[in-house]
Amino acid sequence: MFKLHSSFLPRGDQPQAIKAISSSFSNGKKKQVLLGVTGSGKTFSMAHILKNLALPTLILAHNKTLAAQLYEEFSHFFPDNAVEYFVSYYDYYQPEAYIPRSDTFIEKDLAINEHIERMRLSATKSLIERKDVIVISSVSCIYGIGSSDNFKKMMLNLDVGKEISRDELLLNLISLQYKRNDTELLRSSFRVRGDTIDIIPSYEQDRALRVELYNDQIERISVIDPLTSKRLESLSHLSLFAATHFVTPKEDRLIAINSIKDELALREAFFSERNLHVEQQRICERTRYDLEMIKEVGFCKGIENYSRHFTQKAPGEPPECLMDYFPKDYLLIVDESHQTIPQVRAMYNGDRARKKSLIDFGFRLPSAFDNRPLQFDEFMTKLDHVLYVSATPAPFEIEEAGGEIAQQIIRPTGLLDPTCTVKPLNNQVDESLEEIRKETLLRRKTLVTTLTKKMAEDLTKYLTELSIRAKYLHSDVDTLDRIKIISDLREDKFDVLIGINLLREGLDIPEVSLVIILDADKEGFLRSETALIQTCGRASRNLHGRVILFADKITNSIQKTLNTAKERRSLQEKYNKSHNITPTQITKKSQQTILTSVKDVTSTTTNPPKHVNLKLVEKKKKTLKRLMKKAADSFQFEEAAKYRDEIRSLETLELL
């Protein structure tokens with residue numbers, strides 16, 4: 001079912017790991033662990049395993065950056081199959097919330113990235129239409145996205161020769177949440193010119209569909225270029241999916257409306273009995289307005305909070321999510337499982353805590369609790385074949401696999417684990433500076449890990465003042481900017497990248513020869529055995545890889561890290577010697593990932609895009625104004641002026 005394209009063959013520990021895992025799955029074992037050191041080609045082994053197993057596959061990553069990297073790699077491995085991308089589509093997201101202490105209600109505010117939304121819809125479409133599907137996803141896959149049955153049921157099937165009036169066809173398109181736009185043909189919209197209807201499906205980007213009618217009969221269906229209207233292909237049949245996952249047949253919508261009314265009556269009675277008249281009025285006004293919107297246009301703001309009523313599930317039942325679009329027999333690969341599994345565990349409680357205030361004070365019905373991510377137990381019940389992949393698998397994954405682990409310690413390139421050196425904390429910044437200068441003279445790159453965001457920023461500023469090209473990376477940096485920063489490092493636009501835990505898993509930067517870990521003896525989450533081994537792994541793709549840990553005492557985590565590195569290095573040297581292998585440097589071109597291909601309309605440019613998302617521009621302006629004020633308050637007037645100029649550029653965009 002899957003055709004793997006690669007000019008390389010499995011080498012090192014890859015053949016035995018691929019064979020062991022594939023055989024175990026074939027023999028009925030459901031859960032397995034692949035322990036692969038950084039640079040051992042875990043992704044290549046994953047590709048071979050899913051090819052051998054021949055099942056629809058979901059690959060779960062713990063952040064968008066890693067998911068984007070995996071998407072690019074699997075797209076190259078399987079160009080003939082459906083490789084899809086499913087992550088959160090918000091460029092900006094402020095969830096609905098209520099703060100009782102200050103009586104502050106915060107409206108939900110968001111800006112959706114249309115490119116990523118299209119890819120999410122494309123992923124579910126592929127899962128319905130074909131079996132050779134690989135979906136790379138973040139933990140978004142455990143959030144409710146509406147009923148998969150409704151998404152299938154609402155599909156519009158058109159055939160050449162089918163009798164249908166123009167008005168009926170237009171009403172069908174509107175029920176699928178497509179918008180009429182006779183001026184400009186955009187994604188998820190349709191244009192009407194006489195008896196010709198042009199449609200750009202929600203899951204397409206550069207292809208439109210043309211349906212031509214004659215005497216209330218479909219005369220021709222074509223694929224056209226949306227810009228030139230040139231006919232590209234003729235079709236005899238067309239299946240059109242809805243423009244959103246939250247779509248409901250009319251009969252189900254009427255059932256949902258009555259169910260919501262019943263819940264509203266119970267909630268009004270609840271508040272009335274307790275003399276909570278303000279809360280009673282809030283829930284009454286808000287819900288009745290939403291019901292009118294649903295009745296008239298089939299949609300309302302925050303409709304996902306009523307998802308339980310539309311899917312006719314009982315209170316407390318798990319919502320339908322991406323995993324429900326997969327058949328029962330499928331493969332889940334959890335990449336960097338030691339990070340991803342804890343993240344899946346944490347999603348539910350945070351969501352419930354935020355909604356509790358909204359429900360208690362009359363802003364939402366209790367059914368809003370059921371629009372949520374899966375609880376961990378619910379997540380586990382949706383699994384079939386599972387492969388946990390990590391350089392440092394946690395006890396949970398090992399226990400799930402029955403204690404059996406397939407290992408990839410030997411790298412196909414023959415590269416060894418980096419050498420690890422411990423130096424005293426005294427003068428760690430000045431010593432780091434000298435080491436960085438050595439690497440820079442040799443045109444090599446350095447990663448520096450700190451414990452705090454402030455230290456990362458301050459160290460970057462210090463190095464920059466000393467004419468060293470440095471940048472920082474942490475959670476306050478926008479997702480798209482993070483990808484660009486990593487790309488710039490690989491393209492020699494700067495030499496030192498400074499960050500916190502974002503520098504650990506999944507960053508494939510073979511140019512990095514030195515990793516510096518500051519305050520390595522401050523044992524905790526960022527300096528645990530797992531964190532240290534992962535951080536050291538960032539230098540394992542370079543022939544001259546080495547790690548310096550600054551510490552005044554050898555903690556248990558440091559000692560275990562040193563022991564692991566020494567043991568692995570010994571095995572690798574022994575293997576290279578017995579097979580007469582000379583280690584070779586990895587050379588890998590910097591690729592533009594799916595995230596960097598998504599154009600940010602807020603970037604300053606002399607050629608602004610034709611279609612400007614004004615809401616997104618406004619959000620960017622607010623962010624820049626906050627940064628400008630912060631810089632001015634800190635007397636960083638040059639930084640403030642830079643932000644001011646960017647704001648002016650955005651104001652120019654708004655006038656276009």
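Let me begin with terms: an axis here is a line fitted to C-alpha atoms, for helices over the stretch in contact, and angles run from 0 to 180 degrees between N-to-C directions. Helices (H or I, at least four residues) are DSSP runs, numbered from the N terminus. What we are looking at is a predicted model, in which local features need pLDDT of at least 70, side-chain atom pairs count only at pLDDT 80 or more, and totals for chains, interfaces and linings use all residues. Residues are numbered from 1 along each chain as its sequence is written, and side-chain values use heavy atoms, with hydrogens and water left out.

Helix α2, residues 42-53, packs on helix α3, residues 64-77, at an angle of about 50 degrees, and their axes are 11 Å apart. The two are therefore oblique to each other, since angles under 35 degrees count as roughly parallel, over 145 as roughly antiparallel, 65 to 115 as roughly perpendicular and the rest as oblique. In the contact (heavy atoms within 4.5 Å), T43, F44, M46, A47 and L50 of α2 meet L70, E73, F74 and F77 of α3.

Further along, helix α13, residues 428-441, and helix α14, residues 453-465, have axes that come within 12 Å and cross at roughly 55 degrees. That makes α13 oblique to α14. Here Q428, V429, D430, L433 and I436 in α13 are in contact with M455, L459, Y462 and L463 in α14.
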